[in-house]
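Dear colleague,

I am passing a structure on to you, and below it I have set down what was found in it. Please keep it open while you read.

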Amino acid sequence: MKTVYIIEDEEILRNLLSTFFATTFPELEVIGMSGDGGEGAEQCLELAPDLVIVDIQLPEVNGLEILHLLKRKFPDIKILIFTGKTSHQTVKIAVHGKADGFINKISGLEELRKAIEAV
């Protein structure tokens, strides 16, 4: 079974994403969640999930730093940036950091499903 780790500072979104995975992707197991970028990065380094869903704006360590850190340590890890911050510069940094996907939080569940399937 493939594993997923969610790093999102808003608790309601973490819980909704976990429920979304359980109902839409039963073949993917959510092995952890964190609302703090530092804790999330540490957990991902320890657990080595197959997929990380990460927000950009997080306390302690931002999602783009987590992207670069995890891609250096685990080149094959899949990282989906899940954020409300979609400036040209942010997208450019995510692409440069080899993010596997980038989705705006306002995109809706169908677009999120498609992004996860693509990743």
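Before the findings, one term is needed: a pocket here is an open set of points on a 1 Å grid over the protein atoms alone, with protein on both sides within 12 Å along at least five of seven lines. Please also bear in mind that this is a predicted model.

With that definition, the largest pocket has a volume of about 210 Å³. Its lining is made up of 13 residues, and those nearest the centre of the pocket are Lys2, Asp50, Leu51, Lys78 and Val119. Sorted by class, the lining comprises eight nonpolar residues, four charged ones and one polar one.

Turning to the helices, the axes of helix 2 (residues 37-47) and helix 3 (residues 63-73) come within 11 Å and cross at roughly 10 degrees; because angles under 35 degrees count as roughly parallel, the two helices are described as roughly parallel to each other. Where they meet, Gly37, Ala41, Cys44 and Leu45 of helix 2 are in contact with Ile66, Leu69, Leu70 and Lys73 of helix 3, and by class this contact has six nonpolar, one polar and one charged residues.

Finally, the structure holds six salt bridges. One of them joins Lys105 to Glu8, with the closest N and O atoms 3.0 Å apart. This pair links distant parts of the chain, 97 residues apart, since Lys105 sits in the loop between strand 5 (101-104) and helix 5 (109-118), and Glu8 in the loop between strand 1 (2-7) and helix 1 (11-24).

With kind regards

Methods: Residues are numbered from 1 along each chain as its sequence is written. This is a predicted model: local features need pLDDT of at least 70, side-chain atom pairs count only at pLDDT 80 or more; totals for chains, interfaces and linings use all residues. Side-chain values use heavy atoms; hydrogens and water are left out. On a 1 Å grid over the protein atoms alone, a cavity is a set of points where a 1.4 Å probe fits but cannot get out, and a pocket is an open set with protein on both sides within 12 Å along at least five of seven lines; lining residues have an atom within 4 Å of a point. Grid points are joined across faces, edges and corners, and a volume is the space filled by probe spheres set on the points. Ala, Val, Leu, Ile, Met, Phe, Trp, Tyr, Cys and Pro count as nonpolar, Asp, Glu, Lys and Arg as charged, and the others, Gly among them, as polar. Axes are lines fitted to C-alpha atoms, for helices over the stretch in contact, and angles run from 0 to 180 degrees between N-to-C directions. Helices (H or I, at least four residues) and strands (E, at least two) are DSSP runs, numbered from the N terminus. Angles under 35 degrees count as roughly parallel, over 145 as roughly antiparallel, 65 to 115 as roughly perpendicular and the rest as oblique. Contact means heavy atoms within 4.5 Å. A salt bridge is a side-chain nitrogen of Lys or Arg within 4 Å of a carboxyl oxygen of Asp or Glu.
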